[in-house]
Amino acid sequence: MKKFLFISLFVLTVLCFMCGCAKSVDYLGYVSEKRTNIYMYSNDGLEIKIYLSEKETPYSADGIKGDVAPLTEIFVSLPKSYDEVNISVCKAQGEMSYRAVENCYYLSLADSGISGEKVDVTLTCGDESNTYSAQSVLYDGVMDCDGAVKCVIDHDEKLFESLTESNIFCGEIYVRLLYDEGCYYYVGVCDRDKKINAYLVDGVKGKIIATKELNG
């Protein structure tokens, strides 16, 4: 009887220790992509989208977090095509490249200096130049990227524990702000086999709206 009680106590101690280790891991330190803000302008067939992110460079969905650097991506859709489109917004300026598949113009750079509730965007299309005000999609009550990741950890604690070995998380996390008449977050958890568990999170309530498993 004493032997049985000793073994049971030992097993419980080990389990508690393992769970404690998993919970003590700073999973936010394994985020390899973080889209923190989106700026938008849309009117008369012209659309501007600006994504502010921190992203692994070079990017690789392999379950291992690499070096992360700031990234600004700008997408512009126009009612008609131009041979040359230039853009200027804060520190971001330059000639945009045309993407035929998305039918839009694109520019990416590291340091843009974009911040605040809105920014002025100057587009030069051919000989015509105009300035537009792009507004941040964030509003009161929207959680940040870290908050969205914590919601997923609470929702699927077993997944994170299964990917934690010797107090090390064997995976990487992507979190991207999305906007569709409201703010949401995509959170992806990628393991070393490149399998991704994806979650759609309500940006205000923190509720997990949908989940999906993807193979990398």
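Predicted model: local features only at pLDDT ≥ 70, side-chain atom pairs only at ≥ 80, totals over all residues.
Q: How many residues of β2 are buried?
A: In β2, 8 of 11 residues are buried, so the strand is mostly covered. Buried means under 20% relative accessible area, exposed over 50%, and partly exposed in between (1.4 Å probe, protein chains only). Strands here are DSSP runs of E with at least two residues, helices are runs of H or I with at least four, and both are numbered from the N terminus.

Q: Which way do β1 and β2 run?
A: Strand β1 (residues 31-43) and β2 run antiparallel and are joined by 10 bridges; two strands pair if DSSP finds at least two bridges between them. M40 stands opposite K49 in β2. The hairpin of β1 and β2 has 2 residues between the strands, and D44 takes a positive phi near 50° there.

Q: And how many bridges does β2 have with β3?
A: β2 and β3 pair over 10 bridges, in the antiparallel sense. In this pairing, K55 stands opposite A69 in β3.

Q: Where is K55, and what is it in contact with?
A: K55 is in strand β2 (residues 46-56). Leaving aside neighbours within four places in sequence, K55 is in contact (heavy atoms within 4.5 Å) with S32, E33, D67, V68, A69 and L71.

Q: Which residue forms a salt bridge with E33, then?
A: R176 does, with the closest N and O atoms 3.0 Å apart. The pair links distant parts of the chain, since R176 lies in strand β12 and E33 in strand β1, 143 residues apart. E33 counts as buried at 5% relative accessibility, whereas R176 counts as partly exposed at 21%.

Q: How many salt bridges are there in the whole structure?
A: A search of the whole structure finds 4. Among them, D146 and K34 meet at 3.3 Å, N to O. D146 lies in helix α2 (residues 145-155) and K34 in strand β1, so this pair ties together parts that are 112 residues apart in sequence. Another salt bridge joins R99 and E102, whose closest N and O atoms are 3.3 Å apart.

Q: Turning to the backbone, where is the cis peptide bond at P58?
A: The bond from T57 to P58 is cis, with omega near -5°, and P58 is in the loop between β2 and β3 (68-77).

Q: What is the phi of N103, and of N167?
A: N103 has a positive phi of about 55° although it is not a glycine, and N103 lies in the loop between β6 (97-99) and β7 (104-109). N167, likewise not a glycine, has a positive phi of about 65° and is in the loop between β10 (164-165) and β11 (168-169).

Definitions and conventions. Residues numbered from 1 in each chain as written. Heavy atoms only, no water. Salt bridge = Lys/Arg side-chain N within 4 Å of Asp/Glu carboxyl O.
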